[in-house]
Structures are given as structure tokens and as C-alpha cells.
Amino acid sequence: MRYPQIPLAAILLAACVQGGPESSKDERADNDSAVLHNIDLGSATFTENRSEGLSFDIPEGVTSFMVIVDGAPGAFYRVASLESPTGTQHIDPEDPSKSLNRSRWSTIAGGVAHLLPNSDDPMVTAEAGRWSIEIDSWQGDGTHPPHEAQVRVLTKSDESESGRLRLYLHYSGAFGIASATASSEREIQKSLEIVRSIFAAADIEVEVVDPASDDSPLTVTSLDGLGDLSKLATQHDGINVFFIEQFGGEIPFQAEGISSGLPGVPYTAGTTSASVTVSLGEGFRPPLQLKRGELVGHSLAHELGHFLGLRHTMEANGFSEDPISDTGASNRQNLMFTQTGGNEISAGQRRVLLANPLILPAD
Ligand SMILES: [Zn+2]
């Protein structure tokens, strides 16, 4: 999430909203391919708010993996323990937010994903052998009833230093821009050019697809509403992006965009954590028209960074830096600066992007 200039209290309000939408079970793509392989761990059961231990075997040649939890509606999750075959604890179970490969709670209730590596720490590698994990859960209503969540691990075996990413753009008719007209909308095309050039500098080619969509301008007023929007996405093999009219309600209307996960859940349509939403309102409403395409392009690229696993270089609270050594906490030129920033992606951030299973080898 990124805001131009808003008080911390408003950010916390948006980040800590409770409750969750009804979850419809997802349609999952068959991930198995030349570089991706799915390991199904079955159900995790929880006592109080932590699961029993689960284990899985990472074969030789895997370069990164993602733990994906598909849980109960209204419940939030995080990976709370992640121990390597040689006994390195990559997530401190006492404080999962401070560790080698630190984890975080779901942005939106219903599920979570955790990428390894999510930093440029050379100690964090997807070494072959048996890994073990535990998962935390809490209900949005504050209770901790025993429940189950489905857990899988998506591995990636790809040493290449470049890749491609597919975006599915849903316009919703906001500001008169619909699927049928987007290709001739100059400011939209300008914003997509900015996205392409930002990722091209990190050797990632962005491919854009405009599926025909049901165009009705939207205002999203809560994280639950974002989850409901995310569930409308039908495309598996890329990031679904919704352009809406504006944010409102419990989400500050100045918010430029929100990723439904950090990282988002890949290769899964119909769940709460599988999309990026960008407001056209801030860029397209007079008197800000002059910078509209540029602003929307940067906002979209920034949210895609979150969806692929990048944190802010420094959170707005001024205390929490990202786990990447070469970004520079106060570098306004970095794509992941917390306020409207620049377009730089550092070498450390590129390592995380290339680790994500949504970045596939270029053809
Ligand atoms: Zn952000």
C-alpha cells in the first residue's frame, strides 16, 4: 500500500481492520511445469493459534519456494516457524516479524503466502532436504477456535537471471475507461509503459492482457471489500489487476493502490488474496490530470512489487526497514519507498522478484 501523505493512524486503521468476507473455495491452476512443482501438505490443524508441525522435502535444484495457506473465511495467518534441513531457523517463532526470512500476517483474511528467499541475505537459500514449518492463525473476531487450513508448497527451479510476468487488467469502467477502450486511452497506455520500463530495468518483461470484463465503476471501502473484489478474478497464470474509481470508507481515499497480499497468492483465482487494486481517482480526477498516467503507472508498479514479495524500504512508522541490504531506507528513488517514490529496483529486490513463482523464464 502506498499513500502520498497521510497520518499513521489512517494507515494502521487500514492495516488492522478485522473480520473477513465469505470465502469461496478457489480454483487452482495446475502449477506443475518445467520450473514449478506443487507439494501438497494437506490440512494443518490448530491448537489455540498455532498449528502442529508440518514437513516437506525440497529436492536438489530448487532455487526458491513459497508456502501457501488456504484457510478459513475471517481468519488471518502467518508462517510462524520455518526450519531448514540443516537446522537454521529462518523465522523466529517468538517474533516472526524479526528473523532471517521474516514473515507477516495476511493482508486480507482467508489465506497467506510466504516466499523464501524474501531478502538478499546469502544465508537464506532453498537448500535440499526436509524442511519443517508451523503456522499461526487468529480469527478476526478475536476468538481462536480449532479449525483447519490447507497448506501447499510451490517450488521453483530456475537459475535464469531474467523472466516474464503476465498481468490481467480489469478496468471496471472507472473514468469511462473500459476493457474495449483501454488500448486507445493515452494515459492508461502511458502508465503501462512506465510499469514495463520499471520492470525491464530488472530484466523482467511485463506482458499485458485485457480480458473482457464486466465494467462497472467501483468504490472499495474496506479490506473485506477488496477481498470480495479479488474473488472475482478468473485468471490463474498472472496477477489480476483491478482499476477502480476510488477508495473510501475505512481505506483512506488518498490510497493509490493495495496489494491483497505481501506476497499475494499466485496461480489461484477466486480467493481473497490474489489481486492488486489501483485507484484511478487520485490520478484521473482534476486538477491532478497532468500527472495521471505517471502516477497510476508508478502506483501499479509499486503494488506489483508488494504482490511479488517486496516490502517498503522503510515503513511509515520509521522503525521497520525492509530485509534487503541495498535499498536504502530513505532513498526516495526506490520503487518501494513508502510514499510516491521512484522507479529503482535494487539488485537485492531483484533477487526476491526472480524468486517469485509468478516470474517465469522468458521465452
Ligand atoms: Zn506500499
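Predicted model: local features only at pLDDT ≥ 70, side-chain atom pairs only at ≥ 80, totals over all residues.
Of the 363 residues in the chain, 51% are buried. Among contacts between residues at least 6 apart in sequence, 77% join residues at least 24 apart.

**The α2–α5 pair**

- Two packed helices are described by the angle between their axes and the distance between the axes.
- The handedness of the α2 and α5 crossing is right-handed.
- On the α2 side, the residues that meet α5 are E187, I188, K190, S191, L192, I194, V195 and I198.
- Their counterparts in α5 are R292, G293, E294, V296, G297, H298, L300 and A301.
- Sorted by class, this contact of α2 with α5 brings together eight nonpolar, four polar and four charged residues.

**The five-stranded sheet**

- Strands of a sheet pair through backbone hydrogen bonds, either parallel or antiparallel.
- Here, five strands form an open sheet in the order β11-β10-β13-β17-β15, and the pairing is mixed.
- At the edges sit β11 and β15 (257–259), each of which pairs on one side only.
- From one strand to the next, the twist averages 25 degrees.
- Strand β10 pairs with β13 (residues 239–244) in the parallel sense over four bridges, and L169 stands opposite V241 in β13.
- Helix α3 (residues 223–230) packs on this sheet and touches β13, β15 and β17 (275–279).
- The direction of α3 makes about 120 degrees with that of β17.

**Strand β17 and its neighbours**

- Parallel to β17 runs β13, and five bridges join these two strands.
- Within that pairing, F243 has V278 of β17 as its bridge partner.
- With β15 the sense is antiparallel, and three bridges connect β15 and β17.
- For I258, the bridge partner in β17 is T277.
- Why is β17 largely enclosed by the rest of the structure? Five of its five residues are buried, so the strand has the rest of the structure around it.
- Both faces of β17 are covered, with S275, T277 and S279 buried on one side and V276 and V278 buried on the other.

- The buried residues of α6 are Q349, R350, R351, V352, L353, L354 and A355.
- What covers these buried residues of α6? The cover includes the strands β5 (64–70), β7 (111–116), β9 (148–156), β10 (163–170) and β11 (204–209), together with helix α5.
- T338 has its place in the loop between α5 (292–308) and α6 (347–355).
- In sequence T338 and R311 are 27 residues apart, while in space their C-alpha atoms are 9.0 Å apart.

Technical notes: Residues numbered from 1 in each chain as written. Buried ≥ 20, exposed ≤ 12 C-beta atoms within 10 Å, placed from the backbone. Contact = placed C-beta atoms within 7 Å. Pairing = 2+ DSSP bridges. Axes fitted to C-alpha atoms, helices over the stretch in contact; angles between N-to-C directions. Left-handed = near helix turned anticlockwise from the far one by under 90°. Nonpolar A, V, L, I, M, F, W, Y, C, P; charged D, E, K, R; others polar.
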